[in-house]
Amino acid sequence: MGDSQYSFSLTTFSPSGKLVQIEHALTAVGSGQTSLGIKASNGVVIATEKKLPSILVDEASVQKIQCLTPNIGVVYSGMGPDFRVLVRKSRKQAVQYHQLYKEPIPVTQLVRETAAVMQEFTQSGGVRPFGVSLLVAGFDDSGPQLFQVDPSGSYFSWKASAMGKNVSNAKTFLEKRYTDEIELEDAVHTAILTLKEGFEGQISGKNIEIGVIGEDKIFRVLSPAEIEDYLAEVELTIERAISYIFIGPRSCKIDCRWKAKSSNGGAAEKRKPKLDTIYIDKRGKYRSFNHKKVSRKRCGSLRSRGWKYGSGFVDGIFPVMSPTAEQILDIVQNKADRIKIWEVLDTLPASHIIWDDIINVAVQLRLNKMWDSIILICEWILHKSSYKPDVICYNLLLDAYGQKSQHKDAESTYLELLEARCIPTEDTYALLIKAYCKSGLLDRAEATFGEMRKYGLPPSAIVFDAYINGLIKGGNPQKAEEIFQRMKRDQCEPSADTYTMLINIYGKARKSYMALKLFREMRSQKCKPNICTYTALINAFAREGHCEKAEEIFEQLQEAGLEPDVYAYNALMEAYSRAGYPYGAAEIFSLMQHMGCEPDRASYNIMVDAYGRGGLHEDAQAAFKEMKRLGITPTIKSHMLLLSAYSKAGNVAKCEEIVNQMQESGLALDTFVINSMLNLYGRLGQLEKMEEVLTALEKGPYAADISTYNILINIYGRAGFFDKMEELFQSLPLKKLKPDVVTWTSRLGAYSKKKLYTRCLEIFEEMIDAGCYPDGGTAKVLLASCSSEDQTQQVSTVIRTMHKDVRTVLPI
């Protein structure tokens, strides 16, 4: 009977020591279409026949080469359905590895895990072996790799291998043609020639598939047009070789280099898909959709794609709220209890109409910046409702968690999205990057940024803008500038929002010249500034008090056909305020009202500040009262600006009255208010009151910061109480506070007034040793301590050497 009686048992060995079912699986592989792989010195190529059972079959639906990860591809011979199962399991394993270790899975490990799955199906009851053999091509830190995995679960690394019905001829051909120095382009041609050896009929780009991976570590499947170009070059090479055999001298060897070219003779070009419509499907293939065709009809929202997160509406149309949606919005806004809101949502019928209503409510909540309510609705959709998870829900949830700086929740949401088999959009990546940046997790943001590239999704302006925005909100403007420069290096065209954010960065850094330079660059790139861009540039000049320049930009805004809004008027008022022209700010305020633009709280705050800077504390008080008369509730900042106005006038009684008003209004005093009172008492020489306030600060709920002690050190130093000043300075480490440049400069200033040049140099050396570098104020104080030209020259030389940004503030 031999082994035949064991042929139906998978778990029983035959007398000859074989598992006959595995041999039957190898027979299935041997009857499959030919597949092969070649490892080159700089990459790997895999190729296979793709013969369709009928001319009626859509050839685009048959794909024998699949992408497992961005740097790993696979081809099979044998049973296609079994191959699909293995591809799904391998992709799942790769994703799990990436989620755990935050790096791509090595080729060897993925092969080992896949082989373990195949081996498990050789020793389990009720199953059969997989009827496929796999050729896995990859490129990782170990270089190019090629593995073959058989139904038994065994796997080996190969330089070149073949499988399928023409395996013998193919391996023989590869053994003759393969060399260790073969390059990727030559390997592609060798693969085509190997397939031609046993190919029945005319070979073309439609009946074979080729996948390649090179030193860029990105696996891709060649298009039929690219394959046709390679086939044309192979035919040309064969013709040249034959011509050489009969005509050329026998002592020469033909030396041909193949280079991919298009059919018209030029270099092959890839069509670049629109970045805002591209995504990768489960087969690792590029897919796209036209988001401009999103239907605004009822039940017509584009599911599984998501709306643009940046603006909160689709194609410039705000969400249309139906009566049902209005009721849902009212319930969510008025009910604070999560359970009760969920109970109301549970009563809604599960239909497309209700789905659109709920999403419209969530988008409206986003416009209102009600992040907790968005989280409540989206969590109900994902965990309580019967609706299938949609990428827009995950994007809204990512946005809400990111705005609340809850990066762990945002990360968990992203992982849930992957587990739900939703396809992340570029908005998804943008929101995740922004959440990481706001929390200061730049390494994770960079990893997410790199993950997009690995999956063949080049970051667009939306992703770069989110990256820059997150860094700005996370307090890292220098890194934001680096990302902007990288954006331009990657040839990603910056948007108006990109330039606006960078202009804001330079404005806050008091680099209006850089902001203007960027604005001119924006125009030279044919990028049209919007009203936010003009306002940001006006603000940049306003911070430095360049009112004439700010007014010039304001006029350009009007010439561009844009209607100034309250923010533009406020920026121009701020420019006059900081330049010391309160009546100029008042004139802009009157113009704003005349033009029908209603002033807001910030407008009145600017007027209070403008009058206070100009010493017009009574006018500041009048502006403050007018704000209250109009029903605008003053904030703590409003009171602080009025407090500063009277503080400059030295009116202690009025300042104390304002502080009492703040407490009566229910406004909690902060450290800034306390510091203002400390400074006021100190300037007027009322040191006892100053120390009383300090005692209350240290014993009360207020947190003293370094600015508090900078004020005290400055006041004691100016009063000549050096011992008290030094005692405060030495106590800073015990209070877990690090002296900044103002602290050191205030301390230097005390000795500088006494012309104690040697002591000033000693403190300056301590400052440098502590890692605090001087600024212009430090240079001025040091120069003031000099009593001879030699000392002045010595100080100026040291300052220029230590800090290139310090300019000479006194004539030498």
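Apart from its neighbours within four places in sequence, Y506 is in contact (heavy atoms within 4.5 Å) with E481, K511, S512, M514, A515 and L518. Y506 lies in helix α17, residues 496-508; helices (H or I, at least four residues) and strands (E, at least two) are DSSP runs, numbered from the N terminus. With a relative accessibility of 7%, Y506 counts as buried. Here buried means under 20% relative accessible area, exposed means over 50%, and partly exposed lies in between, with a 1.4 Å probe and protein chains only. The C-alpha atoms of Y506 and A536 are 9.6 Å apart in space, while 30 residues separate the two in sequence.

The structure is a predicted model, in which local features need pLDDT of at least 70 and side-chain atom pairs count only at pLDDT 80 or more, whereas totals for chains, interfaces and linings use all residues. Residues are numbered from 1 along each chain as its sequence is written, and side-chain values use heavy atoms, with hydrogens and water left out.

Side chains of opposite charge can pair when their charged atoms come close. A salt bridge is taken as a side-chain nitrogen of Lys or Arg within 4 Å of a carboxyl oxygen of Asp or Glu. Searching the whole structure gives 22 salt bridges. One of them joins K549 to E552, with 3.4 Å between the closest N and O atoms. These two residues are three apart in helix α20 (residues 547-559), so about one helical turn separates them. K549 is partly exposed, at 25% relative accessible area, and E552 is also partly exposed, at 35%.

A salt bridge also links the side chains of R578 and E574, with an N to O distance of 2.8 Å. Because R578 and E574 are four residues apart in helix α21 (residues 566-578), they are separated by about one helical turn. R578 is partly exposed, with a relative accessible area of 32%, but E574 counts as buried at 14%.

In the salt bridge between K689 and E656, the closest N and O atoms are 3.5 Å apart. This pair connects distant parts of the chain, 33 residues apart: K689 belongs to helix α28 (residues 687-699) and E656 to helix α26 (residues 652-664). K689 is partly exposed, at 35% relative accessible area, and E656 counts as partly exposed at 27%. Elsewhere, salt bridges with shared partners join E726, R747, R759, E762 and E766 into one network.

An open sheet is formed by five strands in the order β3-β4-β5-β6-β7, with antiparallel pairing; two strands pair if DSSP finds at least two bridges between them. At the edges are β3 (65-69) and β7 (155-157), each of which pairs on one side only. On average, neighbouring strands of this sheet are turned by 25 degrees against each other, direction ignored. Axes are lines fitted to C-alpha atoms, for helices over the stretch in contact, and angles run from 0 to 180 degrees between N-to-C directions.

Within the sheet, strands β5 (residues 132-140) and β6 (residues 143-149) run antiparallel and are joined by seven bridges. V136 stands opposite F147 in β6. Helix α2 (residues 80-101) lies across β3, β4 (72-78) and β5, at about 20 degrees to β3. Helix α3 (residues 107-120) lies across β3, β4, β5, β6 and β7, and runs at about 10 degrees to β6.
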